Structure formats: structure tokens, C-alpha cells
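Dear colleague,

Please find the structure below, followed by a short account of what was found in it.

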Amino acid sequence: MNRKLHILILTLGMVTFMPSICFARDRSVDSLVLFRVWNYAKNHPSTTEEVVKNVYMSYTFKVNRRNPTLFLIPTMYSIAKGDREFVGESYYKMRFHNAFQYDIRRQVLCGTVPHNRSVMPSIFEYATPDLYNETLYQGKILSPFYYSNRYFYKYRVTPVNSRLFIVRFRPRTNNTQMIKGYAFVDLENGCINTCQFDAEFDMISFNVTVAMNTGDKRIVVPERCTTEAKFNFMGNKISTKCRAFYSCPTTLPDSVDNVEDRALMETLRPNLLPATEQEIYDNYDREDSIAITENAADTLEHKRSFSDFLWDNIGYNLINSTHAYAGPAYLRISPLLNPLYFGYSQGRGLSYKLDIGLRYSFNAHRYLTLEPRLGYNFKNKQFYYNAPLRMTYNPKRNGYVEMTWANGNRTNHAALVEDIQEKEGLEFEVPEFRDEIFQLVNNVEAFDWVEVKTGLVYHRRRSTNRQLMKSLGFEDEYQSFAPLLSLHFKPWQSRGPMLTANYERSFLNVMQSNLDYERWEFDLSYKHKMKSMRAINFRAGTGFYSQRGTDYFVDFDNFRDNNLPTGWDDDWTGQFQLVDSRWYNESNYYVRGNFSFESPLLALTWVPLVGRVIEMERVYISALSIQHTRPYFELGYGFSTRYFSTGLFASFLGTEYQKFGFKFTVELFRRW
């Protein structure tokens, strides 16, 4: 009797709780729900009518714990001292080009963050997830609602009623590129009504609750979204909350742009501020009022203002990028003390770089830009610079005139060394030559698939020991003046490979030129983007000299040493990591090929604990053929994380192993 009673109770319990813990009874319905979600974007009508949405966003930052290292984190400098709670508001205009693509522009802002500076800008990106796209946030985090990503997730479908279903999803492996959560889905068309998920990316863990806009069928955008996030780094703990509303009734004129006006914002809010946010405003106003009513001595005021100047300007710009606008002029300087710009490779040692950007717009179709790139290599003890000054006169056809002043690696040439040693009859260290480059080019897209670049290039190579070279009876300075022609073919536009043909011819006795040569180069590059953030990168090329008046100083455009550090996003695929720097200037020809395959979930990602922070992985295969040596090969594997990117490489001459090396770049806060 007891056994029958136990069976009856167990059966009743299963019937009672089955709808919430089990799959739907009809497995075909489960598949139908999932496939309609996956196909929603494909079947959704894409409108050509321009739609405008007004977006209101409020956000709070709470500093739970901080220490001096918070000053060194980009965009966090403004909240590293003083108050521990901050509030801010922004009002945007979102202009849709079709159902899924839009531009967004901020019109009004206000808040208690000093100078209304940007803090943790990625938080605002997380406020607008693109649920139906391959990635939720512009190339990061795989969406479970995209068909090709289904292999990375496990799903569970539970009916709520005859029309509404809950789709629960979780990743097959714990990785930063995937999320866990649930969504309420309409069976009729696969439309997501609401969704909630947990994610962690770039040292920020966050929870997103989004209610989709199901009324306006022309576009796919949330109706409202709440994002709660936590940031923990080196003892600093910051919590933040962002609320976004995407259908505000007030439309502002397009002339309103980045206006700091709290009174205007009060008229734009779709509802009242929560008590927590209003309390932060009240405390800020109270402290501000006390500061105004207190009359300090003039000397004290001057000291305070000077201290504020040092703190808010010099200190801030050491850690953060500098952006300044003055009418049509714009200035950008990368942070002076930013570990992002350090890179290390076994062959080239430690390097540091600094980027500066200047722009002056004459009108929408004509502007002047200067983007110097500076760097220092600690191993070679050499300062590098590349300063291109460009006047764009036809953006639609990529028409521009560019003048570049740069320098290259200090170099020597085996033929010159041999000539000196043969003449002197002894072996000694031949001084290297500094390479200074000046180039003037004009580029224009002659047809939809052909760009033509013409110009002049001037090299000036001067010995580091000019007196010694003169005493040996050799030139202490070698110069070359050469017209150039470059054709860039894009027959398949951005969907296929791009081909480049370069021709350069140097003439004697022009601009004191004492080098005579004729050089050809051909290059093919192709990046094939696959589903689920995977991609194949391929590059092949050749170059050769058809005429040389002297064997000194070989120099190619597409086969050269990269003397400034590059990160993961700069694409290591087209670079040789272990090639001796002399090889770039020793051969009269080269034939090269570089291949890589990248994926967010390749091999190391599936390793417990370690794989959780792996963002992307790559496999490298490179081959090179030059004069005086056997075919050269490089095999490599690399991965990127929120902290750094690294690559491990092995080189071979023919089938003979040569050496092992690695490359390392700091990627910390690269998206901040």
C-alpha cells in the first residue's frame, strides 16, 4: 500500500511540474519554435523607408572599492577620486537604414561625472543587443538566436500556452563569447518578446533584460533594455546600471548635437527618475551649493584651481586618449602612459608606439588629415616615425593626395659589407645606414574596381659613421629618386581577393640620386569571413628587380620588416615573425605566402578554466623563397584574451628545424 501511495505522489508531482522542467511533449514543436527564431531575421521584411527613433538612456556608477590603480584604467580616471556614486543621462537619435541597420547620434547629455566624461563606454554598447544577428555586439559574443551558432548552445523549449514558449539556452562550453539565459518566443512567427541573459566580456560581467519592440514591424529594435554590470580589477570594484528606452515621443532638431543641458533633459525623460538616481543628483546639487556659498581666500582659490587643472587635464590625458574639437578642426592623441601600446617579440624585443590624429574639414567632401605614428624599439635603441599628411578631395572615389615622411630600420647590405672587407683585407664591423623616406602620391578610384596611385618616392640612406666610410673610399650616403605606379584591383569588390601591382623606377643624378633600379611587385590578399566569427586570411605575392645599377640596398614595399608593434586586430597574418631582419634587404626577389584560420572556439577554448577567457584563436602557415637560401616556412598558433594576445611560432629551412619564438602584445582595455 505504501508503495502504491509513493508512486501516486510521484506521478502527481511530475504532472504538476512537467511544463516548467521538461521539453514540450511534441518534439516537433520544439524544433518548430527554434527554427522560427533562427529564421526570423531572414523572413522579416526589410523596409527601405527611413525610420527615426528617439532613445533615452540613464546610467549610474557605484564605486564599491577603489585603489590608486583605478587611475591607470582608461576612461576610469574621472571616478577614481571624490564621490563614489555618479549618475548620467543621454538622449540619442537613432536613424534606421533598414530593419536591422541604423546610425545613432547623441544630442543631449548631463550628469554628475566630472566634465561629463565618458566612463566604461562598452556599457552603453551592451544596452542594445542585436539578438537576431550573428553576434550580439558588433563582432563579439555569439548570439544563440542565429542559425549557424546553434552548435555552440544547448536549448530547452517549454510551453507557456498554445502560442508562447520559453526557450532556455546555455553554452556547451564556458567561454566569454557565449551567454546563458532564456527568452519568451511567439510560436506564430518566432519573434522574441522578452529576453534575459548573463554574459562576461572584457573583464565586465553583466546581466541584460530586454523587451523587444513587437508593435513596429518595420524595424527590429528593443522597446526598453536594462543592463546591470560589475567590473572587478586589481581590487577595484565598480557596479553600474543602465536603462534605455527606445520609443521616446520628443524629436529634437538635427542641429542639436552633444548639448550639455540638464534642464532640457528633464523635459525629455519618458518617466520619472528612480529614487536612487534622484538621490545622487540631490547630493551633487547640495555639495555644489555649499561650495558656491563658501567664500575662500583668493590665494586658496588659485591653488585649488591650479590643482584642479593638473588633476583634470594633465593627469587625465596621460591615461586617456585626448579628443579636442574646435569648429572644423579635430585632434586625437593616444594615451602617453598606456600599456596597450607595448609589444614584444623574441626577434625584435620590446617596442612602444604612440598615435596622433589631426583633421581639418573644409567641407563634407574635402578634408586634411595628419596621422603621425611614433615608436621606439628598446632592443635596437631606435626611434621610428611615420607621418602621412593627406588631403582628401573625393571621398566617394577615395581620391587623395598624400605626403609621407618616415624612416625605416637601420640596415646594411651583404654586397656592401663584402666589398669593404675585400678591399681592406680584414673583417670588421661595417657601420649601418639610417633610412629616411619621403613620398608624394595621388590616389583615385578610376573605376568601381580599379584604384590608381601615382607618385614619387625618395630614399636617403646615411651611414652612422660617415667619416669611416669616406676614409675607406666608399660613399657615406646613398640616395634614390623614383616615380612609382600602383594599381589596386577589386573585381569582386569586398567579397573576393584584392590584387595589387606596383612598379618603381629610379633614375641617376635626379635629386642627387646615385642608385639606379627598376622594381616590380605583385600582391594578392583575401579575407573570407565565415559563419560564427570564423575567417580565413590569405596573402600571396612576389617582387623582383628587373634592373639594378648596384647591388646595394634592396628595398620592397610589400616585403619589409614591421618595426612598430602591432596587436591582434592589426592582423599578424601577413607578417613573418621569425625572419631575420637582414633577409628583407638581401635578395633581389622574393615569393611569399601567408595563411591563417581564426575562430572563437577552436582548440584551447574547450580546455576547462583556461578556455573561459579565450576570445579568438588562430593557426598560421607561412612560406617564403628568397635568394641565397632554401625555402623558408613558419608554423604558428596564437590566441587573444581580454588581457593579452600571443603567438607561438616555429621556423624551418626546407625540412630542417631552425628556431622557436613568440610574439606578445598587451590587449588590456583595447576596446575602452
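**Strand pairing and surface**

In β25, Arg539 is the bridge partner of Ser525; strands are DSSP runs of E with at least two residues, helices runs of H or I with at least four, both numbered from the N terminus, and two strands pair if DSSP finds at least two bridges between them. This is a predicted model, in which local features need pLDDT of at least 70 and side-chain atom pairs count only at pLDDT 80 or more, while totals for chains, interfaces and linings use all residues. Residues are numbered from 1 along each chain as its sequence is written, and side-chain values use heavy atoms, with hydrogens and water left out.

Strands β24 and β25 (residues 535-548) run antiparallel and are joined by 13 bridges. Their hairpin has 5 residues between the strands, and Ser532 takes a positive phi near 60° there. On β24 (residues 517-529), 9 bridges also make an antiparallel pairing with β23 (residues 498-506), where Glu504 has Arg519 as its bridge partner.

A separate topic is the open sheet of 11 strands, which has mixed pairing and the order β4-β5-β6-β7-β8-β9-β10-β1-β2-β3-β11. Because β4 (153-159) and β11 (259-260) each have a single partner strand, they stand at the edges, and one side of each is left without a neighbour in the sheet. Within this sheet, β6 (residues 180-186) and β7 (residues 192-201) pair in the antiparallel sense over 6 bridges, and Val185 has Ile192 in β7 as its bridge partner.

Finally, Tyr344 lies in strand β14 (residues 342-345). Tyr344 counts as partly exposed because its relative accessibility is 33%, the class between buried (under 20%) and exposed (over 50%), with a 1.4 Å probe and protein chains only.

Kind regards
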